[in-house]
Amino acid sequence: MHKIEDLLIWKKSIELVKEVYLLCSKISNDEKFGIISQIKRSSVSIPSNIAEGAGRNTNNEFKHFLGIANGSCYELQTQLILLKELNLIKEIEANPLISQCVEIQKMIYSLKLKI
């Protein structure tokens, strides 16, 4: 078991969720139950799966949940690109979050190799 508060990857993914929620609050209500709902779910899934894996009994279980978190991170990245492509958010709003997704993906990959 790992203490999640000590995992930098968990901390960074929590920050990403907060920023995603702030961004979503700026988007029109027309999208609230469409892509916005999905974006919020995929962002929350990242730190949630890191935490669930950290609380498991074996490293293989942890790796499994890191894989799920990674999938959610790629899903979020895709959704942010879609928001940008659909002109629902500006490039200057999307790109920093997309960069955070890529950073977290790299961190997940590195952590899986170390476990």
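1. In this note, contact means heavy atoms within 4.5 Å. By that criterion, and not counting residues up to four places away in sequence, serine 72 touches Ser42, Ser45 and Ile46. Serine 72 has its place in helix H3 (residues 59-85), where helices (H or I, at least four residues) and strands (E, at least two) are DSSP runs, numbered from the N terminus. At 7% relative accessibility serine 72 counts as buried, the classes being buried under 20% relative accessible area, exposed over 50% and partly exposed in between, with a 1.4 Å probe and protein chains only. The side chains of serine 72 and serine 45 are joined by a polar contact of 2.7 Å; a polar contact is a pair of N or O atoms within 3.5 Å, and within protein one must be able to donate a hydrogen and the other to accept it, while residues adjacent in sequence count only if both atoms are side-chain atoms.

2. This is a predicted model, in which local features need pLDDT of at least 70 and side-chain atom pairs count only at pLDDT 80 or more, whereas totals for chains, interfaces and linings use all residues. Residues are numbered from 1 along each chain as its sequence is written, and side-chain values use heavy atoms, with hydrogens and water left out.

3. Helix H3 deserves a point of its own. H3 has 27 residues and reaches 39 Å from its first C-alpha to its last, close to the 39 Å expected at 1.5 Å a residue, the expected span being 1.5 Å times one less than the number of residues. Its buried residues include Phe62, Phe65, Leu66, Ala69, Leu76, Leu80 and Leu83, and also the polar Ser72, Gln77 and Gln79 together with Lys84. What covers the buried residues of H3 includes H1, H2 and H4. Just after H3, asparagine 87 takes a positive phi of about 60°.

4. The largest nonpolar core has 30 residues, and those with the most contacts inside it are Ile9, Leu16, Ile46, Ile50, Leu76, Leu80 and Leu83. A nonpolar core is here a set of buried Ala, Val, Leu, Ile, Met, Phe, Trp, Tyr and Cys residues joined through side-chain atoms within 4.5 Å. H1, helix H2 (35-54), H3 and H4 each supply at least two residues of this core, and the largest share, eight residues, comes from H4. Leaving aside its neighbours within four places in sequence, leucine 76 is in contact with Leu16, Val20, Ile39, Ser42, Ser43, Ile46 and Cys101.

5. The structure holds four salt bridges, a salt bridge being a side-chain nitrogen of Lys or Arg within 4 Å of a carboxyl oxygen of Asp or Glu. One of them pairs glutamate 103 with lysine 12, the closest N and O atoms being 3.1 Å apart. Glutamate 103 lies in helix H4 (residues 91-114) and lysine 12 in helix H1 (residues 8-24), so this pair ties together parts that are 91 residues apart in sequence. Glutamate 103 is partly exposed, with a relative accessible area of 34%, and lysine 12 is partly exposed at 27%.

6. Within helix H1, lysine 18 and glutamate 15 are three residues apart, a separation of about one helical turn, and they form a salt bridge whose closest N and O atoms are 2.8 Å apart. An α-helix has 3.6 residues a turn, so residues three or four places apart point the same way. Lysine 18 is partly exposed, with a relative accessible area of 45%, and glutamate 15 is partly exposed at 36%.

7. The side chains of glutamate 52 and arginine 56 also meet in a salt bridge, at 2.6 Å from N to O, and salt bridges that share partners join Glu52, Arg56 and Glu61 into one network. Glutamate 52 is partly exposed at 36% relative accessible area, and arginine 56 is partly exposed at 30%.

8. A search of the whole structure finds zero disulfides, a disulfide being a pair of cysteine sulfur atoms within 2.5 Å. Cysteine 73 is in no disulfide, and the nearest cysteine sulfur, that of cysteine 101, is 4.3 Å away; cysteine 73 counts as buried at 0% relative accessibility. The sulfur of cysteine 24 is 12 Å from the closest cysteine sulfur, in cysteine 101, which is too far for a bond, and cysteine 24 is buried with a relative accessible area of 7%.
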